[in-house]
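Here are a few friendly notes to read with the model open beside you. Take the points in order and find each residue as you go.

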Amino acid sequence: MPAGILLSVNYRHAFHAGNHADVLKHVALLALCDALVAKPAACFALDTHAGRGLYALDAEAAQRTGEAAGGIARLAQTRDPAIARYLDAVAACRKAHGPQSYPGSPWLLAHALREQDRIACCELQPEEADALKAVFRHDPRVAVHERDGYAAMKALLPPRIGETKIARGLVLIDPPYEAQLEEFDTALAALRDALTRWPQATYALWYPIKLRRSLQHFYRSVQKMEAKSALVAELLVRPDDSPLRMNGSGLLILNAPWKFDEAMGPALRALWHALAEDGRGDYKLEWLKEPA
């Protein structure tokens, strides 16, 4: 088994659920879903590193790190309309599953997409995959695959419903980065291949930020990709001067939907105001490759 797969088996997102990186990722994910459902035709979403789909913030794993205290917990009194969509989704999750629940990206996809849409979620770790299957055991729209997400991109794209190809959709890639900078090369290779298979889809790659200057090679590589556009949305909750901790995170969006950047600008500003430690850090929304 490749080393990257062995590493990913060790990762448990339960320790990090609801932290500042989750908040950024999920605000963006819901905005992408809303753009998809704005048109009536069926769409498809693939979550390559899905986790267990639903988390309990009062469970031992979340309590051990306390990371949600710097994320979703700081938004409890926030009423900024730029992130209301996200807060409403979290409230819906808690109404359905209890006041300490927190939705993972598969739950949010299922919440935001429609009856005619289809969702595939990949999770390599058996225990997490079993939990994910339990969450969606009564939802016929959602297929859970206990497999490597990068391999699934090759197998499942372009997607179909029966014999009909699905033209529109989203691929979310949210790897654990236990291989650190090597994960960028793996993810970019998967994106290059996926763009040849399903060029019209939107692709979202989440990445951690420790030292932002270490991402320059990543940015340059993205600019050379055969995508219609490339946008990065980043949120730093503290200065990026420590390589030993995650100071922020970002999302690379390839083929961003029309006006997605207009929605994310105010959302990033609202998140920075709510989540930055002592007003430090910053946020960025930048086109690495502008739409033609």
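1. A residue is called buried when its relative accessible area is under 20%, exposed when over 50%, and partly exposed in between (1.4 Å probe, protein chains only). Asn-19 counts as buried because its relative accessibility is 3%. Please keep in mind that this is a predicted model, in which local features need pLDDT of at least 70 and side-chain atom pairs count only at pLDDT 80 or more, while totals for chains, interfaces and linings use all residues. Residues are numbered from 1 along each chain as its sequence is written, and side-chain values use heavy atoms, with hydrogens and water left out.

2. Where does Asn-19 sit? You will find Asn-19 in the loop between α1 (3–10) and α2. Helices (H or I, at least four residues) and strands (E, at least two) are DSSP runs, numbered from the N terminus. Setting aside residues up to four places away in sequence, Asn-19 touches Glu-67, Ala-68, Gly-71 and Met-246; contact means heavy atoms within 4.5 Å. The Asn-19 side chain also reaches the backbone nitrogen of Ala-21 at 3.1 Å.

3. Now turn to strand β9 (residues 202–209), where 8 of 8 residues are buried. In a regular strand, side chains alternate between the two faces of the sheet. On one side of β9 are Thr-202, Ala-204, Trp-206 and Pro-208, and on the other Tyr-203, Leu-205, Tyr-207 and Ile-209, all of them buried.

4. Which strands pair with β9? Strand β8 (residues 168–173) runs parallel to β9 and is joined to it by 4 bridges, and strand β11 (residues 248–254) runs antiparallel, with 7 bridges. Two strands pair if DSSP finds at least two bridges between them. To trace these pairings, look for Val-171 with its partner Tyr-203 in β9, and for Tyr-207 with its partner Gly-250 in β11.

5. Tyr-203 and Tyr-207 return in the largest nonpolar core, which has 96 residues: together with Tyr-86, Leu-252 and Leu-254, they touch the most other members. Such a core is a set of buried Ala, Val, Leu, Ile, Met, Phe, Trp, Tyr and Cys residues joined through side-chain atoms within 4.5 Å. Contacts of Tyr-203, beyond its neighbours within four places in sequence, include Leu-157, Leu-191 and Trp-198.

6. Last, visit Ser-221 in helix α9 (residues 216–223). Is Ser-221 buried or exposed? Ser-221 counts as buried because its relative accessibility is 13%. Leaving aside neighbours within four places in sequence, Ser-221 is in contact with Leu-188 and Arg-192.

Terms used
A polar contact is a pair of N or O atoms within 3.5 Å; within protein, one must be able to donate a hydrogen and the other to accept it, and residues adjacent in sequence count only if both atoms are side-chain atoms.
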